[in-house]
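Visitor: I would like a close look at one part of this protein. Please take me through its disulfides, step by step.

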Amino acid sequence: MSSRQMRMEQTTAPRWLALTVAAFGLLLSGCPDEGVECGEGLTECSGECVDLTSSTTDCGACGVACGPEQVCSQGSCQRCGEGLCNNDIVAACFNTGQVVGIQSGSDLKGPNRPLGERPQSVAAMQDVLLVLDAANKLRQARLSDYAPLPGVPALDTGVAPNQLLVEDPYVYVLNSTSNTLLVFQRKTEPGPLTDGTRFPQGLGLTPVASVDFGANTNPFAMARIGSELWVTLYGNLGGDVSAGGKVARVSLANPAQPQLDTSYLQLPGGAALQPFQGSSPIPSPSGIVAHKGRLYVALNNLDPNTYGPGGPGLVARITPETREVTYLPLGNDCLNPGWLAPVANKLLVSCAGKATYDASFNLVAVEKTSMVLLDEQDAVVSTQLIACPPTGGTCALPSAGRFAVVGSRAYVGDNNAGRIFVYDVSGSQLVEVRGLGPSKPAPIPACQREAGFSLVSDVVAIP
């Protein structure tokens, strides 16, 4: 995947393990067992693991197929309408090459649809779903059912596209290995509804500009305040780290002619990162969001010698006008924070945790993966650790990744087992709605597969 950096903590960390743009958050893998062993909430049907509560081909039982105008809801085929099929969340499934829609509130999951080659980032423009994938392509599909628009060619991006931002009529694409920002412009105007979209011939996207951040910068994520786009520069932990640990500013006063301010904002290192004993971390800025007129950046705080957390979870708060940087601690239960988003006037942060592998690269533990809620004063008020129950049953190790917020609910992608965890912000409390806690409904099985790890590479809210 694009600049979803691998954060591996191993018994012996090999020097060849360069952080490239091939993973997202935490690359969790293991040796698949022989045969079909289905995860929680899944049933084996004809050699495949399916969710009988939402599969339109195996609804309620293996072999029970729903009709073309029906959806499988809670194990029974129902006609679209009455609140069904109105998905306002889309998740990208990297390993299975699919996207899937989810209805917030009810948490109803639609069918998984093949789309692209290992989709990495998704966004909506008008009634078209845009998908960035690992084949370095920008693809277009109907937002109504995620079917690719027939005859609409995929557009080339730079190498390892990492994030997609839509501000109609412009589309911004970050390319991690190419170290660039590409700008596309929509040329086609909407027409009458035809074949489920007002753009049956596509959006007519045309590349109009590009920005080069420089070698080894590895741009990770972007956020806009006013006419300025701010981009985190992760750097290359497998080589030259000096080009990273920064935030770049791009003027979009004229979006067709973006201007890069080369006086990059350098994030503080050294003692400011509160290094663990024997570690020498660098900031490793990943997710970024505009919130209350400021910028908030998740800092992985990794040690490039081990690729594991070299200090506690931190968020950098940046005042754009003065470029003042303040580091906010995320508490003792957060390592390797990667993504963040506002929930009203509060801020929610996901922490991927510290992964431990054995000498054969089998995952044996994930520590301190969690969701952390900051209040209006940017202080931690609630934390939810994500962990398997201590005893009983089988449970794939979790790792929190990208997430989307709808109202007071957060839908959190899993970097390991293809699940989506659901949390609700109630006052100053973060409440688990679907997860691994006792007496809680199981996570949504968005991107699960028969064997091996499965990455939920993106989760976005659709307006």
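Predicted model: local features only at pLDDT ≥ 70, side-chain atom pairs only at ≥ 80, totals over all residues.

Guide: A disulfide is a covalent bond between the sulfur atoms of two cysteines. Here the count comes to 5 disulfides. We will visit some of them.

Start with Cys 45 and Cys 62. They form a disulfide, and their sulfur atoms lie 1.8 Å apart. The torsion about the S-S bond is -75°, and the link of Cys 45 and Cys 62 is left-handed. The pair links distant parts of the chain, 17 residues apart. Cys 45 sits in strand S2, residues 43-45. Cys 62 sits in the loop between strand S3 (48-50) and strand S4 (70-73). Now check the surroundings. Buried means under 20% relative accessible area. Cys 45 has a relative accessible area of 5%, so Cys 45 is buried. Cys 62 has 43%, so Cys 62 is partly exposed.

Next come Cys 66 and Cys 77. Their sulfur atoms are 2.0 Å apart, and the two form a disulfide. The torsion about the S-S bond is about -85°, so this disulfide is left-handed. It also links distant parts of the chain, 11 residues apart. Cys 66 is in the loop between S3 and S4, while Cys 77 is in strand S5, residues 76-79. Cys 66 is buried, because its relative accessible area is 14%. Cys 77 counts as partly exposed at 27% relative accessibility.

Now move along to Cys 388 and Cys 395. They form a disulfide with sulfur atoms 2.0 Å apart. With -75° about the S-S bond, the link of Cys 388 and Cys 395 is left-handed. Cys 388 has 22% relative accessibility and counts as partly exposed. Cys 395 is partly exposed too, with a relative accessible area of 24%.

Finally, turn to the strands. Strands of a sheet pair through backbone hydrogen bonds, either parallel or antiparallel. In this model, 4 strands form an open sheet in the order S17-S18-S19-S20, and the pairing is antiparallel. Strand S17 (219-225) and strand S20 (259-266) stand at the edges. Each has a single partner strand, so one side of each is left without a neighbour in the sheet. S19 (residues 246-251) pairs with S20 over 5 bridges. There, Lys 246 stands opposite Gln 266 in S20.

Conventions:
Residues numbered from 1 in each chain as written. Heavy atoms only, no water. Pairing = 2+ DSSP bridges. Helix = DSSP H or I, 4+ residues; strand = E, 2+ residues; numbered from the N terminus. Disulfide = S-S within 2.5 Å. Buried < 20%, exposed > 50% of the residue type's maximum accessible area, 1.4 Å probe, protein only.
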